[in-house]
Amino acid sequence: MIPEIIILAMIAAFLGLRLYSVLGRRAEHEEEIVPGGYERNEDQKRVAPAAQVIDMPRSERQISGFPPAVERGLREIAAADRRFDLIGFLEGARGAYQMVLEAFWRGDREELAELCDTDVLEGFVGAIDAREAAGHTLDNRLIRIEESNIHSASLEGHMARIGVSFVADIAAVTRDKDGTVVAGSLDDAIESRDVWMFMRDVRNTDPAWLIDETDEG
């Protein structure tokens, strides 16, 4: 009888340790909260105090590890705008990169005006005007964005500026007024490297960033 009791106790202890190890790993896993999107909705703003405590170290991890000048700029922006989320910003920057390219290829001046600052808009519109005057159209495709990384960051007064470097594969084709291909090929994608500067007044309640500059990377 006594040996049976000892065996049952050992089994119970073993099961208890297994249960604790599983729950412990699950709790640790659940603390790694995936950041939200480019804009936070109302439900995300009403975060419980416990979740806010977990969020602070994650924000620190997002900004750490960059070159000193970039990290300093990101910290200044985050201090001036408590809603700033670096991962969400990068997701939005990738989306803006695709939307601007596709709007330029279509010749959509109105959409470009919503996404770009005045100087950048004028450059795009000038290129569209020249293309249309030549009777050419673009049949370009963004195949994929291979990389998007923070290139620079600064806060000048109330104006935040963040440069993002993009590496993308683009299939580019130019057609004449008859639809004949005069340059490029949809079968061969080329690698494009660009650095785009995004700007935003941190006092503005509108979370949107405008494209302030575009350069080849």
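A charge sits over a ring if NZ of Lys or CZ of Arg is within 6 Å of the ring centre and within 35 degrees of the ring normal. With that in mind, select Arg131 and Phe104: the charged end of Arg131 sits over the Phe104 ring, 5.0 Å from its centre.

A word on the model: it is predicted, local features need pLDDT of at least 70, side-chain atom pairs count only at pLDDT 80 or more, and totals for chains, interfaces and linings use all residues. Numbering runs from 1 along each chain as its sequence is written, and side-chain values use heavy atoms, with hydrogens and water left out.

Next, select strands β2 (residues 141–156) and β3. Strands (E, at least two residues) are DSSP runs numbered from the N terminus, and two of them pair if DSSP finds at least two bridges between them. Here 13 bridges join β2 to β3, and the two run antiparallel. Click Ala153 and you will find its bridge partner, Ile162, in β3. Two residues lie between the strands of this hairpin, where Gly157 takes a positive phi near 70°.

Now show the aromatic rings. Rings of Phe, Tyr and Trp (its six-membered ring) pair if their centres lie within 6.5 Å; planes under 30 degrees apart count as stacked, over 60 as edge-to-face and the rest as tilted. There are eight aromatic pairs in the structure. One of them, Phe166 with Trp196, is edge-to-face, at 6.1 Å centre to centre and 75° between the planes. Phe166 belongs to β3 (residues 159–171) and Trp196 to β6 (residues 190–201), 30 residues apart.

Finally, select Phe84, Phe89, Phe198 and Trp209, a cluster linked by ring pairs.

Definitions and conventions. Helices (H or I, at least four residues) and strands (E, at least two) are DSSP runs, numbered from the N terminus.
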